Amino acid sequence: MPDSKPQTITVGVTGASGAVLAQKALQLLEADSRVARIHLVITEAGQRLFAEELVISSGDPKQLPSRILGAMPRKIELLPNKDVGASIASGSHDVDAMLVIPCSMGTLGAIASGVSDDLVSRSADVMLKEGRKLILCVRDTPFNRIHLENMLRAQQAGAVIMPAVPAFYHHPKTIDDLVTQYVCRVLAQINLPQEEMYRWAGSLAAKKADA
Ligand SMILES: Cc1cc2nc3c(=O)[nH]c(=O)nc-3n(C[C@H](O)[C@H](O)[C@H](O)COP(=O)(O)O)c2cc1C
């Protein structure tokens with residue numbers, strides 16, 4: 001059941017391919033009436049990915065959220081990744097869930113080994129130590145043994161490993177269809193199911209055979 005209390009969500013964006021996934025997650029969270037506040041932290045490499053993949057860059061980082069959303073944000077607070085003393089670096093600060101979307105192998109490694117030297121990895125560490133939901137939208141291919149072991153360590157510590165892998169069973173026609181379905185699955189993990197999410201109800205062929 002969705003939580004009735006308005007939620008505070010942290011979104012970490014790192015330098016893995018898939019800036020569009022972060023953009024879609026922020027758009028859906030911003031539009032979601034169940035969400036009161038979004039803490040956004042973008043690593044240096046994450047900023048580069050926005051520039052490389054979506055041609056979104058800004059000399060003034062404060063302008064980034066509006067450029068990513070394509071509208072003035074009402075809920076997003078951008079926090080500097082270097083500020084390991086920001087609110088979300090403490091477990092006493094009330095955050096319901098955190099997404100790292102997309103999550104680079106570098107940040108995965110930092111989280112899996114408890115290295116908390118930037119705000120993304122420190123906030124993720126806090127989510128794990130407080131027993132709160134942490135979703136890691138890991139992205140690379142192929143994975144080496146270090147990546148796979150880090151995923152296992154993070155999962156065993158309580159994280160959900162949600163590789164940025166698209167689904168095709170909903171017959172996507174556009175990249176947006178692929179992105180939306182994946183991001184909706186991510187949001188369902190933090191008790192924010194979206195109307196746009198396609199839900200598999202058994203195959204048509206099997207239903208016809210039963211009829
Ligand atoms: C265009 C571009 C695409 C990248 N794609 C990935 C990727 O898909 N997965 C990954 O783990 N690293 C990727 N990297 C490398 C990371 O950005 C790099 O390891 C960086 O140090 C990660 O830092 P961060 O975790 O602080 O964001 C990419 C880098 C660039 C410039």
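Helix α2 gives five residues to the shell around the ligand, the largest share; helices (H or I, at least four residues) and strands (E, at least two) are DSSP runs, numbered from the N terminus. This is a predicted model, in which local features need pLDDT of at least 70 and side-chain atom pairs count only at pLDDT 80 or more, while totals for chains, interfaces and linings use all residues. Residues are numbered from 1 along each chain as its sequence is written.

**Ligand shell**
- The ligand is surrounded by 16 residues, and the closest are Thr14, Gly15, Ala16, Thr43 and Ala45 (a residue counts as near if its C-beta atom, placed from the backbone, lies within 6 Å of the molecule).
- Two or more residues of this shell come from each of α2 (44–54) and α4 (105–112).

**Nonpolar core**
- The largest nonpolar core has 53 residues, and Val11, Ala25, Leu99, Ile101, Leu136 and Cys137 have the most contacts inside it; such a core is a set of buried Ala, Val, Leu, Ile, Met, Phe, Trp, Tyr and Cys residues joined through C-beta atoms within 7 Å.

**Leu134**
- Leu134 lies in strand β5 (residues 133–138), and is buried because 27 other C-beta atoms lie within 10 Å (buried means 20 or more, exposed 12 or fewer, partly exposed in between, with C-beta atoms placed from the backbone).
- The C-alpha atoms of Leu134 and Leu99 are separated by 5.9 Å, although the two residues are 35 residues apart along the chain.
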